[in-house]
Amino acid sequence: MSDDVKTPSATGAHDVDTAGAVGAIDRPPCAVPGTPLAGVVDGIMTCVHCGFCLQACPTYLAVGDENDSPRGRILLMRSVVEGELSIDDPSVTSHIDRCLGCRGCETACPSGVPYGQLLEATRATMVQREPPPLVARMILGLFARPALMRPLLAASRLLRASGLPRLLARLPGRVGFSFGMLASTTSPLPYRSYPSVGSGERGTVATLRGCVMEGLFAETNRATERTLACNDYSLTEAPGQGCCGALHAHAGDLEGARALARRNIAAFERAGTDYIAVNASGCGAMMKEYGHLLADDPEWAARAATISERVRDVSELLAAAGPKSGGALSIRVTYDAPCHMVHAQRIVRPPLQLLESIPDIELVPLADADQCCGSAGIYNLVQPELAGEVLAPKLANIASTGAQYVATGNPGCLMHIGSGLLRARQRARTVHPVELLDASYAERAP
Ligand code: SF4
Ligand code: SF4
């Protein structure tokens with residue numbers, strides 16, 4: 001859970017004076033005073049360089065360079081703080097850019113280094129000096145503007161309905177991979193609606209519809225609503241909501257992320273529900289951290305913290321209710337844990353409980369299921385080669401399970417792994433765990 005993530009202020013003493021002056025414990029002045037990086041010096045100094053995180057880092061495993069490991073990146077951050085390296089030195093930016101932000105190092109770290117916050121602050125400091133690449137700025141701009149995003153998603157759905165993306169996924173390079181991602185947004189399950197009326201006694205819920213989720217995974221959103229209703233939650237609309245801001249925060253655009261967070265906070269305050277259900281783990285992790293994101297905003301800090309406390313991954317709500325059992329599905333399934341589910345939100349069992357509740361399902365373990373697949377927001381678009389290298393062992397592990405379906409609760413993972421499977425001509429298809437539970441309920445429905 002995000003509550004488990006230590007904040008920099010809780011992580012102990014530091015030896016760099018962030019105000020830029022020599023302090024009481026003979027520390028050097030901070031070379032970047034007033035920047036987001038200066039605000040996380042305590043967290044940087046928590047690292048004791050033990051190296052326990054190295055084997056949990058997909059980029060270190062793929063590249064084998066200490067500078068592409070968590071320990072190496074934290075040392076680069078420290079070098080910037082202490083003035084040994086400049087924040088725009090390519091020997092800093094290239095290794096920070098190559099970080100997936102998967103936070104696998106956080107759960108591996110015995111010292112509680114809040115790596116996700118360090119990375120976010122470092123990237124925010126980098127973009128103060130130099131804006132992100134054009135392709136990243138275009139993508140972030142699109143996500144922040146629903147009026148542009150909606151027609152693009154509508155055109156993507158039309159293209160998907162033509163069946164062409166599946167064929168064009170065979171094209172080489174990024175172009176083919178992108179078509180594979182679009183093809184992978186089609187549910188592999190037959191769509192079947194059914195009456196889903198529950199008692200509502202477990203509380204009221206508004207769902208985050210999301211931009212990509214509602215645009216390309218609308219069936220997963222409907223499955224989310226039906227399964228929650230079947231498990232006695234009462235659903236309420238939250239009009240006015242939009243993109244959660246996760247992509248912006250991860251790319252260092254903290255102001256962009258804050259603007260999007262404020263819009264969502266206002267929308268979910270109006271809905272006034274007990275819970276906010278999120279079925280995209282990256283968005284859920286972001287919303288659980290709205291309190292941290294807006295901690296320095298006197299008008300919004302308390303409101304953000306209140307909304308964050310109400311956020312739940314859909315699997316948490318369903319697991320708390322059992323979930324209720326449905327009809328039998330005789331299929332072989334493996335589960336891949338999205339990074340922002342397992343490392344950022346620390347949710348391990350609930351998605352598995354959903355799958356285990358389905359009669360006749362054969363759930364086979366996936367080796368290194370908690371390792372990043374390489375999707376990581378827009379990472380697969382801006383660092384395609386390394387994203388491919390990180391994906392390769394994941395595909396091999398999936399092949400060895402013999403599973404028909406890979407269940408995973410995040411749109412980026414569904415598309416990235418889905419495209420990899422398609423292009424490698426593996427038989428497995430990606431699917432959201434909630435869709436499998438929904439299909440099970442549809443089997444039982446009259
Ligand atoms: S495990 Fe934690 S303390 Fe050890 S090197 Fe990695 S980040 Fe630093
Ligand atoms: S966030 Fe992921 S890629 Fe980045 S240093 Fe940590 S484990 Fe490595």
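1. The backbone nitrogen of Gly72 lies 3.0 Å from a polar atom of the Ser69 side chain, and the backbone oxygen of Glu66 is 2.7 Å from a polar atom of that side chain. A polar contact here is a pair of N or O atoms within 3.5 Å; within protein, one must be able to donate a hydrogen and the other to accept it, and residues adjacent in sequence count only if both atoms are side-chain atoms. Ser69 sits in the loop between helix H2 (58-63) and helix H3 (70-81). Ser69 counts as buried because its relative accessibility is 0% (buried is under 20% relative accessible area, exposed over 50%, partly exposed in between; 1.4 Å probe, protein chains only).

2. This is a predicted model: local features need pLDDT of at least 70, side-chain atom pairs count only at pLDDT 80 or more, and totals for chains, interfaces and linings use all residues. Residues are numbered from 1 along each chain as its sequence is written, chains are lettered from A and ligands numbered from 1 in the order in which they are written, and side-chain values use heavy atoms, with hydrogens and water left out.

3. The largest nonpolar core has 59 residues, and Phe143, Cys244, Phe268, Met287, Tyr290 and Ile417 have the most contacts inside it. Helix H14 (residues 254-271) gives the largest share of this core, eight residues. Apart from it lies another core, of 35 residues, among them Ala223, Cys230, Ala407 and Ala439. A nonpolar core is a set of buried Ala, Val, Leu, Ile, Met, Phe, Trp, Tyr and Cys residues joined through side-chain atoms within 4.5 Å. Helices are DSSP runs (H or I, at least four residues), numbered from the N terminus.

4. There are 22 salt bridges in the structure, each a side-chain nitrogen of Lys or Arg within 4 Å of a carboxyl oxygen of Asp or Glu. Arg103 pairs with Glu106 (3.1 Å, N to O) and with Glu289 (3.2 Å, N to O). Glu289 lies in the loop between helix H15 (281-288) and helix H16 (290-293), and Arg103 in the loop between helix H4 (90-97) and helix H5 (104-108), so their pair ties together parts that are 186 residues apart in sequence. Arg103 is buried, at 8% relative accessible area, and Glu106 counts as buried at 5% relative accessibility. Glu289 is buried too.

5. Arg262 forms a salt bridge with Asp297, with the closest N and O atoms 3.0 Å apart. Arg262 is in helix H14 and Asp297 in the loop between H16 and helix H17 (301-310), 35 residues apart. Arg262 is partly exposed, at 22% relative accessible area, whereas Asp297 is buried, at 16%.

Key. Helix = DSSP H or I, 4+ residues; strand = E, 2+ residues; numbered from the N terminus.
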